[in-house]
Amino acid sequence: LILGVLAITCFGLIVHKFRVDIEQRQQVIQIRDAEIFSLKEKLARLQFTTPVSNLPTIYVITPTYARPVQKAELVRLLNVFRQVPNLHWIIVEDSSNKTKLVTSLLQDFPRNSTHLNIVTPSHMKIQPKETWTKKPRGVYQRNLALSWLRENTADIKDAVFYFADDDNTYTTDLFEEIRNTKRVSILPVGLVGGVLAEKPAVKDGKVVGFEVGWGSDRKFATDMAGFAVNLDYFKEHKDVQFPTKVKIGWLESDFLSGLIQVEELEPVSMGRILVWHTRTEKPNLNRETYFNKKFGRHSDHGLEF
């Protein structure tokens, strides 16, 4: 009986030690995984801090405005943009001042960035009961970015710019496709205009029209994410900017009409979609008022949201 008790006790001690060893090993693995993740993050941030010589710069223009999903949208863009060499990110806030949220976010961007702000006049803002189709959005922000490019890139001889709205999804390959734009390049865009994809119609390497589900009467039937412009070429057209008064859906077409003819466009990425007009779903915040009454503060109190 004594031997049996001793045997059971020894077995129990062995099992306990085995469990402790497993838990300790799991903790070591978790710590190592966390360290590896942290190192990968640091590597991603440092990867393209130094400009790559003989590689055209891409100026990416992103208008943005305050809303619950703003940071989530911008973080998604940041995680793509910081993987692209020689990318200069221009964020333009629809705000009377530069917000802490955007300022803080740009501190995580590993290379050149420009932070601008300009308020859309009240009569041009979309009112609560108006649909987004009533007024063009981001016009003043994009025009400010274009003015900045004209005034601050005199020493830049090889560059393009691209409008990357914060509600789209982008691949890194997109930027390599547009990097060598000579005048204006054009590309397909996914999930836009009520169809799976809008794209230029190309014959013998030339754009002959546009395959779209809406607005086929537009001269340039493309989305804001569907084209890139060579910076030097743009500077040759000194009066080109986005009109503040324009037929809804024609903003891109009016802008491009001042730059180029359809047959002169440079089609790129014709075999694949590299940008999608995804739009983040409006979050359900119907319990926020209740939360505020119950706790005396909003649910994001003390958080950088």
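**Sheet and hairpins**

Student: How many strands form the open sheet, and in what order?

Tutor: The open sheet has 7 strands in the order S3-S2-S1-S4-S10-S6-S11, with mixed pairing. Strands are DSSP runs (E, at least two residues; helices are H or I, at least four), numbered from the N terminus. Two strands pair if DSSP finds at least two bridges between them.

Student: Which are the edge strands?

Tutor: Strand S3 (113-117) and strand S11 (266-267), and each pairs on one side only. This is a predicted model, where local features need pLDDT of at least 70 and side-chain atom pairs count only at pLDDT 80 or more, while totals for chains, interfaces and linings use all residues. Residues are numbered from 1 along each chain as its sequence is written, and side-chain values use heavy atoms, leaving out hydrogens and water.

Student: Do S1 and S2 pair in the parallel or antiparallel sense?

Tutor: Parallel, over 7 bridges between S1 (residues 57-64) and S2 (residues 87-93). Tyr59 has His88 in S2 as its bridge partner.

Student: What does helix H2 touch?

Tutor: Helix H2 (residues 70-81) packs on the sheet and touches S1 and S2. Contact means heavy atoms within 4.5 Å.

Student: New topic. How do S7 and S8 run?

Tutor: Strands S7 (residues 189-192) and S8 (residues 195-203) run antiparallel, joined by 3 bridges. Val192 stands opposite Val195 in S8.

Student: And which residue in that hairpin has a positive phi?

Tutor: Gly193, near 65 degrees, in a hairpin with 2 residues between the strands.

Student: What about the hairpin of S8 and S9?

Tutor: That hairpin has 2 residues between its strands, and Asp204 in the turn has a positive phi of about 55 degrees.

Conventions:
Axes fitted to C-alpha atoms, helices over the stretch in contact; angles between N-to-C directions.
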